[in-house]
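Here is a report on one protein model. It moves from the sheets to the helix contacts and then to single residues.

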Amino acid sequence: MTSPSAAAAARMRLRSSLPGRERWEVDALSDAPALAAALEKALLSHVGVSKVSASAVSGRVLVFFIPDTLVTPVESLLREALQRLSSEPTSEPERGAVSGERSSRSLMALLPERARLVRPLALSVVSHGLSIAQGLLVVATLNAALAKRSGLPRGDADSRFGVVGTLLMLFTGVNQYVQHERKRAWRQLARNHEQALRARLLAAIEAQDVSTLDAQGTGRLLSLVTKDAARLASFLERDVDDAVNSALVILVSGTLLLTTSPLLVLVACLPVPFMVPLLRKLGRRTAAARTHQNERLDRFTQHLENSFAGIIDIKSFTAEQDDVRRVSESARRLADAELEAGEAASLEAHLMQGAFATGFVVMTLYGGWKARKGLLSSEVFARTMYLFPQVLGALGGVGGALGSYHSAVSSAERIQEMLASRPSIQGGPVRLPKAQVRGEVRFDDVSFGYAPSTTVIHGISLHLRPGETLAIVGPTGSGKSTLLKLLLRFHDVRAGSIQVDGHDLRELNLEDLRSAIGIVGQEPFLFEGTVKDNVLLGDPGASDAEVAEALDNAGASQFVEALPDRMDAQVGERGRKLSGGQRQRIAIARALLKKAPILALDEATSHLDYETEAAIQRSVRNASSRMSMIVVAHRLSTIRHADVILVLDQGRVREMGRHEALLAQGGLYAFLWSLQQGE
Ligand SMILES: Nc1ncnc2c1ncn2[C@@H]1O[C@H](COP(=O)(O)OP(=O)(O)O)[C@@H](O)[C@H]1O
Ligand SMILES: [Mg+2]
């Protein structure tokens, strides 16, 4: 038996078939960009399939394949993949028509509060009102100029011409000023709002769980803060103002038009009722296409970010061409999505314009004919001919604004989703000021895995007494770094508990916990800025002397003194201007400056030669004699004096004890030791 969703997934039709290429229409694909992406991936994993392009907008899948290599027919591949994917839960929220109301609510929630909208809105109303009046005055001037022929007495015609002419000049002058103010007010509102929104977003992103951030990917996060925030701001800066303009024109000019010549307007509007359902359908399609485009943009940004970050490796493997190909493939997919979205939006706009243009032609011919017959005064005809395009333009403007509205809504949804998402790792109520931490760490039968289906840490127990040193050794991938991540509560344990000074981590205030621990990671990250800036991260209020002392204890002062600007030397993006070992030492200085009661070094000296490594570990130990230390190290000789050595293997404690005892035991530690003695 198939589930209803699987049956729905299976509704598909072959649209075209050529050797090596088939195009299918799949119902389940419409408005489901995540499914489209997953389907592409699933199909591409089959040997013989060379290229797949699935569109959530058209609901079609184009599959290129090598006929002799592909053993299964494309149809079966598609059905199998769709069935599997539709039975998996997708994270895709309901899109399209149903989400309309919720979407506009996201947008509303992200606009500035009402009080701040008053001034720009008022300026918009005045300015656009003046523009309308200006236009009407032009028509009145025209009619006054031609009035002689319509038989008005000469004196009256002259004074009328004078009055409308003066008003026209006055209104034009005032409007120049008001327009300037109006644009400025919207611009200021938009920019301030954008900046505030970015700050809120950044705070929300940085508060997320590490696992959430891993899952979201840098590309999406970058677009959120840059593009989505900008899109909302430009909606605010231009589109709200345009909408006010359109509304006013439709209201004022439209009413005038209706009262001047209702029959003509009726003739012109004949096509409209037929358009409405079509436009709604197209609107939904455009919205889906915009969402799809945004997702592709995220992926492209991510690829780009990755390839710039890894440029050294790419070059060293002379993989530039491959990388360019990969990233351009992503750019092509983005371009496809942009084309689709543009196509959908322009179809929507053209359809609307076409209908209006037809109405206008019909009206002009019909009105002209009536004027010739003397059934319509030339004055009314002139006014109608002026007003009608104004109203049409405004209606067209509404169409354009609708496009911006769709993309603003899609950005608003993404932003709102991030702002509303609460990190699952929340601090507890127990405060533990840094000065009061004794530095006792206890792991009680801790188990953990990054994904529900895997276990990385199996029932580990350990105990670190205040002021002692715990060393963790073991092969790569055995879970050493994971233990430290658990201690900092980047992830929560699956079973068991971790305590600092007798408090379960989950009860502790999160900031207190993280302030209590100084950590130097395996590949420490230096920020763009000076050496000093990077060390000051440990304690922003520290003096130059304290920074120098920390650098000294970390074994960094010698090379820092040799830098052109010493402590004020720029380290480059991600610390690129320094060697790995230099970066590590600056990171150690940073952790030392933090003066945290617990110091964790995760292979923090791995880039150094043996002698420097040993010297630094000694000086760090001396500089922080009251601290508890956890040292993850590869070279066993550097940790032989530790109070406890824990030998980890595949997430399990294999051995634990002091160096001599472990050697005497003749187990894994003794074996590793004997290996390293030969080095
Ligand atoms: N962010 C992560 N997501 C998923 N798996 C991870 C992640 N980090 C580490 N792992 C996996 O957990 C295991 C232990 O990794 P780690 O603690 O880094 O090992 P070690 O530091 O001992 O080399 C490895 O199998 C690794 O693949
Ligand atoms: Mg590690």
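## Terms and basis

Contact means heavy atoms within 4.5 Å. Axes are lines fitted to C-alpha atoms, for helices over the stretch in contact, and angles run from 0 to 180 degrees between N-to-C directions. Helices (H or I, at least four residues) and strands (E, at least two) are DSSP runs, numbered from the N terminus.

This is a predicted model, in which local features need pLDDT of at least 70 and side-chain atom pairs count only at pLDDT 80 or more, while totals for chains, interfaces and linings use all residues. Side-chain values use heavy atoms, with hydrogens and water left out.

Six strands form an open sheet in the order 10-11-12-7-13-14, with mixed pairing. Strands count as paired if DSSP finds at least two bridges between them. Strand 10 (517-520) and strand 14 are the edge strands, and each pairs on one side only. From one strand to the next, the twist averages 15 degrees. Strand 7 and strand 13 pair in the parallel sense, over four bridges. Ile-472 has Leu-646 in strand 13 as its bridge partner. Strand 13 and strand 14 pair in the antiparallel sense, over five bridges. Here Asp-649 stands opposite Arg-652 in strand 14.

Helix 22 lies across strand 7, strand 13 and strand 14. Its direction is at about 95 degrees to strand 13. Which residues of helix 22 are buried? They are Leu-668, Tyr-669, Ala-670 and Trp-673. Buried means under 20% relative accessible area, exposed over 50%, and partly exposed in between (1.4 Å probe, protein chains only). The buried residues of helix 22 pack against strand 7 (469-473), strand 13 (644-649), strand 14 (652-657) and helix 21 (659-665).

Another open sheet has four strands in the order 1-2-4-3, with antiparallel pairing. Strand 1 (12-18) and strand 3 (49-54) stand at the edges with a single partner strand each, so one side of each has no neighbour in the sheet. Neighbouring strands are turned by 15 degrees against each other on average, direction ignored.

Strand 3 and strand 4 (residues 60-65) run antiparallel and are joined by five bridges. In strand 4, Phe-65 is the bridge partner of Val-49.

## Helix against helix

Helix 5 (residues 114-145) packs on helix 8 (residues 218-260) at an angle of about 45 degrees, and their axes are 9 Å apart. That makes helix 5 oblique to helix 8. Angles under 35 degrees count as roughly parallel, over 145 as roughly antiparallel, 65 to 115 as roughly perpendicular, and the rest as oblique. Helix 5 contributes Leu-117, Leu-121, Ser-124, Val-125, His-128, Gly-129, Ile-132 and Leu-136 to the contact. Residues from helix 8 include Leu-236, Val-240, Asp-241, Val-244 and Asn-245. The contact residues of this pair divide into 12 nonpolar, five polar and one charged. Ala, Val, Leu, Ile, Met, Phe, Trp, Tyr, Cys and Pro count as nonpolar, Asp, Glu, Lys and Arg as charged, and the others, Gly among them, as polar.

Helix 2 (residues 33-44) packs on helix 10 (residues 272-309) at about 50 degrees, with axes 10 Å apart. Helix 2 and helix 10 are therefore oblique to each other. Pro-33, Ala-34, Ala-37 and Glu-40 in helix 2 meet His-292, Glu-295, Arg-296 and Arg-299 in helix 10. This contact has three nonpolar, one polar and four charged residues.

Glu-340 lies in helix 12 (residues 320-372). Glu-340 is partly exposed, at a relative accessible area of 25%. Not counting residues up to four places away in sequence, Glu-340 touches Ser-55, Val-57, Ala-289 and His-292. Glu-340 and Ser-55 are 285 residues apart in sequence, yet 9.0 Å apart in space, C-alpha to C-alpha.

Where does a positive phi occur in a residue other than glycine? Arg-489 has one, near 60 degrees. Arg-489 sits in the loop between helix 14 (480-487) and strand 8 (495-500). It is buried, with a relative accessible area of 3%. Gln-650 also is not a glycine and has a positive phi, of about 50 degrees. Gln-650 belongs to the hairpin of strand 13 and strand 14, which has two residues between the strands. At 59% relative accessibility, Gln-650 counts as exposed.

Methods. Residues are numbered from 1 along each chain as its sequence is written. Chains are lettered from A and ligands numbered from 1 in the order in which they are written.
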